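Dear colleague,

Please find the structure below, handed over for your study.

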Amino acid sequence: MLALRSNSGGAIAISYNALVRTLCSAGAVAPSQTPLDHQLQLHRVRELCSRGQLQEALSLFYAVNPHFDAPTYAALFHACARLRQLDLGRSLHQYLLAHHRPSFNGTTQLYLRNHLVNMYGKCGHLDFARQVFDNMPHRNIVSWTALISGYGQCGRSDECFSVFADMLDVVRPTEFAFAAVLSSCRYYQGRQVHVLALKTSFDAYVFVANALITMYSRGSSAGECGHDDGDEALKVFGNMECCNLISWNSMIAGFQNRGLWAQAVKFFTQMHSDGIGFDRATLLSTLSALCDVGNDHVVKGFWYCLQLHCLSIRTAFSLEAQVSTALVKAYSTLGGGVRDCYKMFMDSSGLRDIISWTGIIATVAEKIPQAALSFFCQLRRDGWNPDRYTLSSVLKACAGLMTERHASAVHLLIVKAGFEGDIVLANALIHSYARCGALCPSKKVFDELGNRDTVSWNSMLKAYALHGQAGGALELFSKMDVQPDAATFVAILSACSHAGMAEEGVEVFDNMSEKYGVVPGSDHYACMIDMFGRAGRIVEAKNLITRMPMEPDSVVWSALLAACRKHNETELGMWAATKLRELDPDNSLGYVLMSNIFCLDGNFDDAGFLWKKMKGSGVRKNPGLSWVEVGNRVHEFASGGLRHPHREAIYDKLETLVGQLKVLGYVPETSLVLHDVEEEQKAEQLYHHSEKLAVVYALIDADSRYPFRLMIKIMKNIRICADCHNFMKFVSELTEKEIIVRDSNRFHHFNKGACSCNDFW
C-alpha cells in the first residue's frame, strides 16, 4: 500500500497494483518498466530541464524511450529555447516526428507547436519558426506572440511589425505582444503601435510602458525622432501611474545611449532619494553614462563616480566582476590611475574567468594601456590561458605604447599558442606594430599572411599612411586583390594628404564610386579638404565643402581651419572657426587655430582676446604631454617639466644643447609664442615644450649608459609644433641619432637633419 497526502492533509491509502493498472490504461509501456517508473523518470527529465541541465535531461529522455508525453516535450523545447541550443532542439523535433507523429495532433499539437515556434525563434532560426507557424492549422495569441518575439529579438523589425499587423485581423493582442513588437520596431512603426496601445488602454500596463520608453529612447539615439531630447520617452514615463525599477532603468539606459550623462545621473539620484533602490543594471547604465563626460566636467564626473563606487561597496555590487569592470572603465575614462583601476578589479570576488579578464583588458586597453598589460600578466599568473579575443585586446593596448617590445612579446605568445594563422590576430599585429613605430615588423606580418581579408589590406595601408609613406600605400593599393571598402579609401587619401600628393589623391577620390562602387562619405571629403589645404589649394577646399552631399561635420571644418592657419587665410579661417564652434562648442581647436592665425598676422590683441573668450566659455585646451621610455620605464613630461625628479639636469643639458644647435643654424620659431605660452614667460615655455624635455632626457641616458643607442622614440598627445619639429631635425643632425616622434596625427622620422614628412605635416 502507498500512503499519499490529500490537500486537506489527511492520508489516503491506495493500492500499488491499482496505480499500475491506472497508468497502464493511459498507454503502453516497456515490459521491463512499470508505468510508475516511466512517470517518475519523466518527472526527473522535467526537473533537470528546470535546473538548466539539458544534456542530462535529453540523455535520460532518450534512454527511457517513453510514450508520448506533451508536458515533457514542452519542458525540453522550453529548455532548448532558454539555453539557445538549436541543434539539440532540432534533434528533439525530429525524434518527436519519428516516434510520436500520430499523437502530435489536436489541442496538444497547438500546445507543442507554440513551443516549437518559440524555440526556433529564440535560437534565431526564424525560417524554421515561420515554417512551423505557417503549417499550423490553428493558431492562438501565444502562437502569434512567439513569432513576433522571435523576429523582435533578432532585430528584424520589418517582419516583426508585419506579423503584428497581420495578427490584429485575427486575435486581440496582449501586453506581451505589444512589448514584443516594441522591442525592435523603428520609431515610425513604434508610434503606430503606441496609438493602438492608447486606444486599447494597454499603455496602462507597466510592461508596455517600459517597452515604449525603450523604443522612444532607441529612436532618439538613432536620430529617427527628429529631435534629441527624448521628450516622448519622458512623457511616457511621466504619465505612468506606477513605475517600477525597470521603468527607471529604461530611462537611465536611454539617457546613456544618447550620451546625456547629466540626465542619467539626475535620474539615478532621484530614484535613490525616493527610496526606489537600484540593481546591477542601474549601476552599469549610470557608470557607462559617466564615460561620456566631456573634458569640462571631468572633476564633477569623477566625484559622481566616487559616489557610485561607495554605493556599490555598501550594496556588495562592487564584488561582482561586471560592476567592477564598469567602475574601472569609468575611472579610466575620467583620468583614474593604473594602480587604482588594477586594485579595484582585483578586489572583486565575482567569478573571474577568461571572459571577464578579456572584458577588463578591452575596457582599459585604449585609455590606460599599462593597466591592460598588468591585467594580462595577472591572468597568466592566475593560470588562465589567453584565447584569441584576449590576445587581440592586449594587442590593442600594445598599440598605445611607444616601443614594440610588448607587441613582440605578445606575438611570441600567439606563435606558441598556435594562433599564428589567425587572421584577426594577424591584423591586430599589423596595427599594433605600426602604431609602435615599427613599420618593418608590421609589413613582415602582412607579407607572411596567407589569406588576407579587407581588414588586412586596410591595416597595412593605414600603417603606410601613419608613417607618411604614400608611395608605398599607392603601390600596395594597386596590388589589392579584394574589394576595397570605405576605410580603404580613407587610408589612401590620408596617405596622399600627409605626403602632399594632391593629384594622386584626386584621382583616387574620383575613382571611388566610378570604378569601385564606394560612395564618398564625410571622412573622405575631410581627407580631400585636408589634402587641398596642405597643398595651398584653399579655394578648391572651400568649393568642395559647398558641393558636399551631406552637412559638413566638425572634422571637415577642422581640416579647413588648419589649412587657413597654415596659409594665413584670416577671413576664411573665421568662417571655419565659427562653424566648428557651433558644431563642437567644447572643443578648444577652433579657438587655438584661430588664435594662431591672428598671431601669424601680427594681430596679438585679437589673439589674446580669443584666449580670454575661450577661458570665459569654460573651454580648456588639452595640455601638451610627451612620453619617452628610458631604462624600461616610461617617463612623462609636461611643458616646463617641473614634476620630473631630474629636472635640473634636464635644464642644464637643454641649455647646452640649444647653444650647440644655434651654431648649426637653429632659430626658435616665435611667431606663435602667444598661443604657446598663454600667461607664462615666453622664452621659458618655448624652450621647455614637453617633446624637447623628453628627447633631452633620453640623450642624458644615452650619454651615461647607452652611448651607441641610435634611436629615440617619443610619443606626444597633440600635434608637434613648428619649433619642436625644427628642433628635432637639428638634434638628429648633431647627435647622429634617429628620432621618431609619434604625435596625434602621424609619425615623424627625424634623421640627419631631415624629417620623413618633408616638412609637410
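**The sheet and its strands**

Strand β7 (residues 747–751) is joined to β8 by two bridges, and the two run antiparallel. Within this pair, asparagine 751 lies opposite alanine 754 of β8. Strands here are DSSP runs of E with at least two residues, while helices are runs of H or I with at least four residues, and both are numbered from the N terminus. Two strands count as paired if DSSP finds at least two bridges between them.

Please note that this is a predicted model, in which local features need pLDDT of at least 70 and side-chain atom pairs count only at pLDDT 80 or more, while totals for chains, interfaces and linings use all residues. Residues are numbered from 1 along each chain as its sequence is written, and side-chain values use heavy atoms, with hydrogens and water left out.

β7 and β8 belong to an open sheet of six strands, ordered β4-β3-β5-β6-β7-β8, with mixed pairing. β4 (633–638) and β8 (754–755) stand at the edges with a single partner strand each, so one side of each has no neighbour in the sheet. In general, strands of a sheet pair through backbone hydrogen bonds, either parallel or antiparallel.

**Strand β3**

Strand β3 (residues 625–630) pairs with β4 in the antiparallel sense over six bridges, and valine 630 has arginine 633 as its bridge partner in β4. These two strands form a hairpin with two residues between them, and glycine 631 in the turn has a positive phi of about 60°. β3 also pairs with strand β5 (residues 711–716), again antiparallel, over three bridges; here valine 628 stands opposite isoleucine 714.

How many of the residues of β3 are buried? Six of its six residues are buried, where buried means under 20% relative accessible area, exposed over 50%, and partly exposed in between (1.4 Å probe, protein chains only). Leu625, Trp627 and Glu629 cover one side, and Ser626, Val628 and Val630 the other; all are buried.

Glutamate 507 is found in helix α29 (residues 502–516). At 52% relative accessibility, glutamate 507 counts as exposed.

Phenylalanine 207 lies in helix α12 (residues 206–221). At 45% relative accessibility, phenylalanine 207 counts as partly exposed.

Yours sincerely
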